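Hi,

Here is the structure I said I would pass on.

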Amino acid sequence: MRQAGTGTGGAAVAVVVPVAVPLLLLLLLARSPPAAAGDSQKSDARLVSEQFSQAPQKLAFYSWYGSARLFHFRVPPDTVLLRWLLQVSRGSGPTCTNVEITVYFRYGAPPVINPLGTSFPDNTSVQPSFFLKMLHSNASINISHPAPGDWFVAAHLPPSSHKIEVKGFVPTCAYIFQPDMLVVRVVEVSILEPDVPLPQTLLSHPSYLKVFVPEYTQELRLELQGCASNGSLGCPVRLTVGSATLPGNFQKVLTCSGPTQACHLLLPSPPWDRWLQVTAKSLAGPRVSVAFSAVAALTACRPWSVNFQHLLQSSPNQSSNASTGLLPPTPSYQDLDRTGRVGGGSFCLRSFPVLREDVDVVSVRFQPLDRVSVLVQSDMPSVMRLNLNTGMDSGGSLTISMRVNKTAIANTSVVACVTAASPLLSFNASLSCTTAFFQGHPLSLSASSPTANLIIPYPETDNWYLSLQLMCPERPEECEQALVLVETTLNLVPCLNDCGPYGQCLLLRRHGYLYAGCSCKAGWRGWSCTDNSTAQTAAQQKAAALLLTLSNLVFLAPIAISVHRSLLVEASVYAYTMFFSTPGEAVLCILNYDTLQYCDFLGSGVSIWVTVLCMARLKAALKYVLFLLGALVFAMSLQLDRRAAWNTMGPCLFAIVVMVTMWVYRCGRRRHCYPPSWQRWVFYLLPGISMAAVAITIYTSMMTSDNYYYTHSIWHMLLAGSAAFLLPPREQHTKPWACSQKLTCHYEICKNHRDELYTVT
């Protein structure tokens, strides 16, 4: 087994050599949990182990995102160790060989994967996924101090060979994948209150702390004071702040190994409104005591926000005036001077309330409350919060579009940063767009580039923030009084542009979790079906559609023969098959593709059914009863699974048994081979049977997604040709085109073939 993917920093992630899963369970549950502060000879009673599991799923060869099997776990708070046990079982048939299985891991949202190496749409920000490839049946992966919340595991087999296999006809191998999640969490954690020293004593085991970061926190400062090791100066302590996430890990590590008694860690823009994990570990010897006091200091950020009371009391005309970009004259703005201070305190951001409008499943529209544009200045960032923490928002794509008037930013520029958990509050010339634990997505607007777009597939479950600020790199004095209005369009959509004209947006489900993916056609590929490297041209699509459609005209031969021999039911079935045979996964369809495909399968099966039963020469009443029952059975079986081979082959084999039985019965009764004419065997039956055998061979073993248009067209022609050859001759006393004579309204002389009597009716 080998590991591939993004690094996670330090030793947060470790891949373990595959061993038996029961042995791993015993080792994890039987071993002493990670010890904390206290005696090294005693286990820490504050740590408990828990296990979570999900039902196994059958893996599939990868062709699009729906081929990957997704597993959704939820890690409890205060978890210090996360271990995934990955188990794969396979069948025992001859086709079951060692296959490389790719497993992806991600925190907060399903992993964005690209096994086929296709291109993403323009302006799409994609982080590389952390993954590993399994060459053995079992493996495990450890993550120290994982982030609490949603974790996702996705697995799939290698890319598919594009061969169209008939289900149940060709032997296949089943690969079953099941991940189990084992966690070790702390049930007693020391709470670090702001500005209150918390004494700690370490021996050889870590101490677990946590501090709550409220909303609108600008900066967090962690400091170790009065640190001493066995009474001497020095502070051999490693402080790990934050939780590990995948694919990226932005944990901060503070090592206090110098002779000073105090060291500190400064975290700008820490995650808001959540507990922050802090782990202190001694770097001294196993029996050396280290004492210190931990202090957390928070710097509050005062938001300059729109007054909600003003919004509720304003009339529609006032709201319309506010949408022009002028700030509403609320009391909160009246005391604001040019330095951005009010009542002795300073503002650090301009907050614009955002309305969240749920449109559909994984479909949300965000817009500022009483304005179309967002006011941007240079003194402080303008911030919009996008609420994507419902737990059902990570299965779509977050799209952000910004536009500004060119004349408004002639000598200036607007910089923006999209982050999760907390906004970026301090823009600089480097535009790093990085908060304490998150690497954001930078954007910029200028006179040369007045628009900016960003697409984030599968955004993490969290509060997202869009921060904007005006900057003047050449003339800073011009920004002091400048004011720019930026139009924003913020949406969460299941699929970008609904997968375009060459794709279909499908909603996938894993238990109660919903996520969307694009299924492409006509050779288009990619996350949103925008990769045209293997796409068919418009001429190729028309040629394929015409080839598949015109090949159906061969059914005119069995239709004409059926009408000539007064086989009207058979003729109607052939006409149905000719009309509804679909042009594969082409774009040009007269009806919904799923409906056309179902009718195609139904028409093909019933055509074979009526042809074989017609060859059996049954009595009219029995034949038509079997015709109707067979059509109903085909409709039911194809509704269950239209791609299963025996759903079609089963009724057809039954019809062949009926035909052979009737032929053997006639042979025994007449003491002569049936059909009696050798010309019938040589010129009709043998060619028809040969064409049917070739058609079945092509249908079951030669079709691929690349040659589908040709092989399926040949299948159409062979199926229609075999029906034309195999249809029995007309009855001895039936005249050609006799059906046309039955449509007249005059008196007819009817012949009784049994008594040879003539009557006038």
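Let me start with Cys 652: its relative accessibility is 7%, so it counts as buried (under 20% relative accessible area is buried, over 50% exposed and in between partly exposed, with a 1.4 Å probe and protein chains only).

A word on the basis: this is a predicted model, where local features need pLDDT of at least 70, side-chain atom pairs count only at pLDDT 80 or more, and totals for chains, interfaces and linings use all residues. Residues are numbered from 1 along each chain as its sequence is written, and side-chain values use heavy atoms, with hydrogens and water left out.

Now the disulfides (a pair of cysteine sulfur atoms within 2.5 Å): there are eight by that rule. Among them:

- Cys 227 and Cys 235 are linked with an S to S distance of 2.2 Å. The link is right-handed, at 85° about the S-S bond, and both residues are buried.
- Cys 256 and Cys 263 have sulfurs 1.6 Å apart, and their link is also right-handed, at 80°. Cys 256 is buried at 4%, as is Cys 263 at 14%.
- Cys 495 is bonded to Cys 505, S to S 2.1 Å. Cys 495 is buried at 8%, whereas Cys 505 is partly exposed at 23%.

Cheers
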